[in-house]
Amino acid sequence: MAINEKVQEYKKILDLFPNAQEKYQYLIEQAKDNTNFPEELRNDIFKVSGCQSKVWLIPQEKDEKVFFMSDSDALIAKGLVTLIASIYSDETPEDIVNSNIDLMEEFELGVILSPARRNGAFNMLKMIKDYANKLKNT
Amino acid sequence: MSEFENIKKDFPIFEREVNSKKLTYLDSGATSQKPQSVIDAMNNVYTNTNANVHRGTYVLSAETTQLYESVRSKCKNFLNAYHSDEIIFTKGATEGFNLLANSISKKFLQPGDEILLTEIEHHANIIPWQMVAKQYKLVIKYITINKNFSIDLDDLKQKISSKTKVVSITGESNLSGLLPDVKLIRSIVKENSDALFILDGAQLVPHRKVDVQELGIDFIIFSGHKLLGPTGIGVVWGRLDLLNELEPVSGGGDMIEEVYYDRATWAAVPHKFEAGTPPYVEAIGLGAAIDYLENITMEKVSQHSDMLRKYAQDIFYDLDRVNVIHTNEKFAGCTFSMHIDEIHAADISLMLDTYGVAVRAGHHCVQPFHRKLGIDATFRATGYIYNDKNDLDVFKDALMSSIEMLG
């Protein structure tokens with residue numbers, strides 16, 4: 001599924017929840033289902049800066065496509081990074097670099113996706129694009 | 001009727017809802033809400049009298065200058081200072097610390113001199129000292145904090161010596177609510193050194209009557225925005241003889257007496273420390289905030305804080321999984337930092353927000369002490385004059401539901 005389609009799918013799901021609390025609960029469920037992150041990789045190299053909690057995002061390349069593993073020590077942030085990782089996984093570096101979807105505009109996720117200066121979500125997306133860009137140019 | 005019964009009506013922000021819930025604001029330790037009178041005072045300047053201060057020989061400038069300079073006398077009375085000229089306006093408490101650290105080091109300190117802080121200082125009372133310590137080869141020492149989050153006086157006695165030239169400590173901890181016994185600490189410092197004594201009043205001044213003469217301190221720093229006033233304004237009070245000796249650290253307009261192409265002489269205290277156009281509208285807002293508090297009286301403000309604190313202790317202590325970082329000293333501020341077993345503070349504060357409850361999550365600019373406690377982050381509730389028992393009940397219910405949801 002293309003990045004845009006995945007975003008629209010998630011948007012549909014998130015729109016089903018009428019308020020921030022239920023949206024957060026959905027993210028918590030996503031976080032609880034995401035259990036495959038290797039303990040030893042919870043290190044500074046893969047840490048996303050600017051998050052209130054610790055967030056890790058690890059890119060991997062397989063068959064010319066990019067996959068992301070993600071984790072956080074906070075549940076709501078972990079749910080968010082799980083969702084973002086799933087949107088950009090199984091995609092080519094070109095598709096990631098070329099996608100110009102504004103998640104902050106698409107998803108109404110209250111304060112966790114607000115365009116604040118020290119926004120962790122912004123840094124998660126930047127890390128994904130930077131990695132894809134690096135792969136594209138090699 | 002108590003002064004506090006309908007007090008929320010004076011603060012327009014409490015008319016709004018957050019996430020379809022009534023706002024329960026418990027983050028006054030970060031910044032306070034503003035009464036209408038403060039907003040009106042600032043509006044009045046921009047609407048009716050605005051002109052740059054100390055400059056123009058025309059009515060508007062004279063009126064604005066008068067309003068601005070009258071706040072100095074308000075601050076002088078508020079702190080029971082000796083003289084209005086001892087009040088220096090800064091853009092905030094942080095700038096105040098940077099001003100004092102730089103000016104004191106430049107004038108009074110030699111390589112090897114020691115600066116004594118405590119382990120629970122706000123970063124604003126650590127970083128400026130670290131910066132000057134590097135520049136002037138000074139040594140920083142930290143007084144240990146006891147298990148009940150109070151200052152270890154034995155450790156203070158051990159660390160203070162004739163080498164100690166500056167002691168700078170918090171008047172009220174922004175983490176545990178501790179109100180150190182300033183007079184006692186001051187007397188220990190005086191007996192063992194000739195150090196200058198600086199009090200961080202950022203959390204203390206909004207909540208308690210501070211009498212600088214009675215405390216016998218040399219400097220106190222506070223910000224306007226934690227005291228019902230606007231952002232962009234802070235105060236450094238210092239003893240006049242010391243301020244006269246200290247050199248300015250920022251140069252520019254308004255702080256000069258005579259300027260030549262190769263040199264300049266400084267204006268008298270306090271203006272020599274206030275380079276450039278001062279934040280006069282913000283200062284006038286601060287004046288209105290002080291009027292508002294003095295109208296209630298600081299005695300009643302502190303009684304209200306004590307009442308809220310005791311109620312919070314009743315309802316938050318002994319809750320399952322809830323760890324409260326709060327001093328168990330008899331007197332303390334209404335500041336409660338907490339962490340929940342197995343749940344991140346950021347999750348708690350996001351969940352509380354969905355109930356309209358605003359608390360702060362993070363290290364609250366006290367990172368080294370969080371590290372010492374072995375905790376990444378806490379969430380912190382602070383009460384102020386517009387909070388009541390109901391706010392704490394709403395917070396507690398929201399906290400219990402949040403814990404349940406976060407598992």
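This briefing covers the sheets, helix packing, chain contact and domain contact of the structure above.

The model is predicted: local features need pLDDT of at least 70, side-chain atom pairs count only at pLDDT 80 or more, and totals for chains, interfaces and linings use all residues. Residues are numbered from 1 along each chain as its sequence is written, and chains are lettered from A and ligands numbered from 1 in the order in which they are written. Chain B is divided into domain 1 (7-27 + 298-406) and domain 2 (40-294); such bounds come from an automatic or database domain assignment. Helices (H or I, at least four residues) and strands (E, at least two) are DSSP runs, numbered from the N terminus.

**Seven-stranded sheet, chain B**

- Seven strands of chain B form an open sheet in the order S4-S10-S9-S8-S7-S5-S6, with mixed pairing. Two strands pair if DSSP finds at least two bridges between them.
- Strand S4 (87-90) and strand S6 (139-143) of chain B are the edge strands, and each pairs on one side only.
- From one strand to the next, the twist averages 20 degrees. Axes are lines fitted to C-alpha atoms, for helices over the stretch in contact, and angles run from 0 to 180 degrees between N-to-C directions.
- Strand S5 (residues 114-118) and strand S7 (residues 164-170) of chain B run parallel and are joined by three bridges. Ile115(B) has Val166(B) as its bridge partner in S7(B).
- Helix H4 (residues 127-136) of chain B lies across S5 and S6 of chain B, at about 150 degrees to S6(B). Residues are in contact if their C-beta atoms, placed from the backbone, lie within 7 Å.

**Four-stranded sheet, chain B**

- A second open sheet has four strands in the order S13-S14-S17-S16 (chain B), with antiparallel pairing.
- Strand S13 (322-325) and strand S16 (360-362) of chain B each have a single partner strand, so one side of each is left without a neighbour in the sheet.
- Neighbouring strands here are turned by 30 degrees against each other on average, direction ignored.
- Four bridges link S14(B) to strand S17 (residues 378-382) of chain B, and the two run antiparallel. Phe336(B) stands opposite Ala381(B) in S17(B).
- Helix H11 (residues 345-353) of chain B lies across S14, S16 and S17 of chain B, at about 160 degrees to S16(B).

**Helix packing in chain A**

- The axes of helix H2 (residues 20-33) and helix H3 (residues 75-88) of chain A come within 7 Å and cross at roughly 75 degrees.
- H2(A) and H3(A) are therefore roughly perpendicular to each other. Angles under 35 degrees count as roughly parallel, over 145 as roughly antiparallel, 65 to 115 as roughly perpendicular and the rest as oblique.
- Contact residues include Tyr24(A) and Leu27(A) of H2(A), and Leu75(A) and Leu83(A) of H3(A).
- This contact has eight nonpolar, three polar and one charged residues. Ala, Val, Leu, Ile, Met, Phe, Trp, Tyr, Cys and Pro count as nonpolar, Asp, Glu, Lys and Arg as charged, and the others, Gly among them, as polar.

**Chain A against chain B**

- 15 residues of chain A are in contact with 12 residues of chain B.
- On the chain A side, H2(A) gives the most, with five residues.
- That side has nine nonpolar, five polar and one charged residues.

**Domain 1 against domain 2, chain B**

- The C-alpha centres of the two domains of chain B lie 28 Å apart.
- The contact takes 25 residues from domain 1 and 20 residues from domain 2 of chain B.
- Helix H10 (298-316), strand S14 (335-340) and helix H12 (367-373) of chain B each give two or more residues to the domain 1 side. H10(B) provides the largest share of that side, six residues.
- The domain 1 side divides into 11 nonpolar, 10 polar and four charged residues.

How values were computed:
Two residues are in contact if their C-beta atoms, placed from the backbone, lie within 7 Å.
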